[in-house]
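Could you walk me through this structure in plain words?

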Amino acid sequence: MARPKPDCPPNAPKPTLLVMELWGLGDLVIATPFLQAASRSYAVTLVAKPYAVDLQKRFWPEVRVEPFVAPWTAFKHKYRLLRWPWREMLRLQRRLVAKRFDFGLSARWDPRDHVLLLLAQVRRRLGFARWGSQMILSATPARPDPTEHRYEHWRVMARQLGIEVPPRAALAWPRSNPEGGILVHTGAGQPVRVWPLERYHTLVARLRRNHHSVQIACDPDQREWWVKAGETNVAAPRTVTELFALVDRAGAFIGNDSGPGHLAAFCGVPTFTLFGPQMAEWFAPLNPASEWLEGKACPYKPCSDYCRFPTPHCMFNTQEDEVGARVEAFVARVLRRR
């Protein structure tokens, strides 16, 4: 398919573009440079989980968001078809069809996304073919090398649309706050990605002994554990807007491979990430000031969070002393002493 020419005459309407990104907060943050670039040349509509509305207000205000929780993105029981929100899905399809999109894409190699583009009656559908989905796509560019970061998939799609998204090394970042405190977020999308809370507790005590100000944040279901451990000021943000408020005060972020870490990095906060079952080369935060510790070896890694063991070796075999030494060096680099 010939690449479109997004440059329009003055006052001419932009071509319309439908983008599918139905998964996690971190995935949406990684897509942000693409969405920002695309919205300058296209009238972009994004189908994504509801928290995309909070991101839209801050990162891509020209993008129209269609909130949708795709039932197949659930971690368990995703194909109990009788429980799918069929009425909501039908209403979404009707809204999308009415927009008469010129282009539509998914940066995933996911045939379910490709079927959604077909059902939305998008004129030109772009995607990475899988399981025969090339039959319903208008163009199927080659996927990036398997060792490339997830961000590179969005750059491939951008080139298909005739727009330029810079490489990671050339991305511009907000100014960080080296006099801020340390935000430690102990949550993650799945338990297999969570470094043990007892070890986080030891790490926080070590940082405070070194006279650092530390704010604990966690998932709501972890809050009681922290309170019982003696933490009196625990934040458990339930929305992205609440998470923004914590990130904006931070000078450094420490946490698991999770959406909050990606968000902090994109807001200009240097991050230190404890990886588990996923590969850092695919999902490291985009900010070059970020550091990480790879999860320990496992014959099934990456396992898409479906761990075969009672405890995830990739996380539990990462010891306190190793993390403490790496974090202290990281904090010394990114924060100013008071």
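A charge counts as sitting over a ring if NZ of Lys or CZ of Arg is within 6 Å of the ring centre and within 35 degrees of the ring normal. Arg130 does this with Trp131, lying over its face at 4.2 Å from the ring centre. This is a predicted model, so to speak of local features pLDDT must be at least 70, side-chain atom pairs count only at pLDDT 80 or more, and totals for chains, interfaces and linings use all residues. Residues are numbered from 1 along each chain as its sequence is written, and side-chain values use heavy atoms, with hydrogens and water left out.

**Rings and charges**

- Arg143 also has its charged end over a ring, that of Trp109, 3.7 Å from the centre.
- Rings of Phe, Tyr and Trp (its six-membered ring) pair if their centres lie within 6.5 Å; planes under 30 degrees apart are stacked, over 60 edge-to-face, and the rest tilted.
- The count by this rule is 14 aromatic pairs.
- One of them joins Phe59 and Phe244 edge-to-face, with 5.7 Å centre to centre and 80° between the planes.
- This pair links distant parts of the chain, 185 residues apart: Phe59 is in the loop between α2 (52–58) and β3 (64–67), and Phe244 is in helix α8.
- Tyr300 and Phe309 make a tilted pair, 6.0 Å centre to centre with 50° between the planes.
- Tyr300 is partly exposed at 39% relative accessible area, and Phe309 is partly exposed at 28%.
- Phe68, Trp72, Tyr79, Trp84 and Trp86 belong to one aromatic cluster.

**The six-stranded sheet**

- Helices (H or I, at least four residues) and strands (E, at least two) are DSSP runs numbered from the N terminus, and two strands pair if DSSP finds at least two bridges between them.
- An open sheet is built from six strands with parallel pairing, in the order β8-β7-β6-β9-β10-β11.
- β8 (234–235) and β11 (291–293) are at the edges with a single partner strand each, so one side of each has no neighbour in the sheet.
- Helix α8 (residues 240–247) packs on this sheet and touches β6 (181–185), β7 (214–217), β8 and β9, its direction making about 145° with that of β6.
- For that packing, contact means heavy atoms within 4.5 Å; axes are lines fitted to C-alpha atoms, for helices over the stretch in contact, and angles run from 0 to 180 degrees between N-to-C directions.
- β9 (residues 250–256) and β10 (residues 271–274) run parallel and are joined by four bridges, and Gly255 has Thr273 in β10 as its bridge partner.

**Around strand β2**

- How many residues of strand β2 (residues 43–48) are buried? Five of its six are, which leaves the strand mostly covered.
- β1 and β2 pair in the parallel sense over five bridges, and the partner of Leu17 in β2 is Val44.
- β2 and β3 also run parallel, joined by four bridges, with Leu46 opposite Val65 in β3.
- The crossover from β2 through α2 to β3 is right-handed (with the strands pointing away from the viewer, the path from the first strand over the helix to the second runs clockwise).

**Helix α4**

- Pro111, Asp113, His114, Leu116 and Leu117 are the buried residues of helix α4 (residues 111–119).
- These buried residues pack against β1 (16–20), β4 (103–106) and β5 (124–126).

Notes:
Buried < 20%, exposed > 50% of the residue type's maximum accessible area, 1.4 Å probe, protein only.
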